[in-house]
Amino acid sequence: FPSHDNVVSQITRHQDSGFLVQSMRYTGQRIVDCADEKIPIEEVFYFRPPGLYTDRGGKKYEYTEDVRELDIQTSLVSAKRYSTKVKSGFSEEHSRDFLTYNFRQDFDLSGDLQAIWHLLDQRTKADSQIEVRTLAWMMLNCLKEWSPELTQWYLDNRADKARLAP
């Protein structure tokens, strides 16, 4: 699940697991390629689907197609700025300071079942951000392959209930 930086930040808050986050130093060419229109922007940046949303505090808002298009253009401008800096000799680390926060990033997570279940207790909750919730359910599907009986117990007794997490 190539996720964007905001989801990576939410998952890595859990310090009872191990994480490997992709370095932009080795993958910055995809941003340059996006700026040069060699690859589609949505392969490099994540944009939430238009729709009606509610945040954890109960605030409701509509993310319209017009707002989404403006967000796409903003990310494209940031990719072009990044590309200009990299092509003129700036390091990737310095150039990425100007990227929007929604760039896609690969990461790995490791931990024992207890640590992963705790993370899932927090991230399968109905009021979790839609993207991190999607990732949590994808993780559960992977766990079904690795430990089908224990995962079924988790699904029956703990998933989506937030009993052990604030």
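Reply: A charge is said to sit over a ring if NZ of Lys or CZ of Arg is within 6 Å of the ring centre and within 35 degrees of the ring normal. By that test, the charged end of K85 sits over the ring of F90, 4.5 Å from its centre. The charged end of R81 likewise sits over the ring of F98, 5.5 Å from the centre.

The model is a predicted one, in which local features need pLDDT of at least 70, side-chain atom pairs count only at pLDDT 80 or more, and totals for chains, interfaces and linings use all residues. Residues are numbered from 1 along each chain as its sequence is written, and side-chain values use heavy atoms, with hydrogens and water left out.

Rings may also pair with one another. Rings of Phe, Tyr and Trp (its six-membered ring) pair if their centres lie within 6.5 Å; planes under 30 degrees apart count as stacked, over 60 as edge-to-face and the rest as tilted. This rule gives 3 aromatic pairs. The pair of Y53 and Y61 is stacked, because the ring centres are 5.8 Å apart and the planes stand at 25°. For cover, buried means under 20% relative accessible area, exposed over 50%, and partly exposed in between (1.4 Å probe, protein chains only). Y53 counts as buried at 13% relative accessibility, whereas Y61, with a relative accessible area of 35%, is partly exposed.

W117 and Y154 are also stacked, since their ring centres lie 5.4 Å apart with planes at 20°. W117 belongs to helix α5 (residues 113–123) and Y154 to helix α7 (residues 148–157), so this pair ties together parts that are 37 residues apart in sequence. Helices (H or I, at least four residues) and strands (E, at least two) are DSSP runs, numbered from the N terminus. W117 is buried at 11% relative accessibility, and Y154 is buried at 0%. Ring pairs link W117, W153 and Y154 into a cluster.

Of the 166 residues in the chain, 42% are buried.
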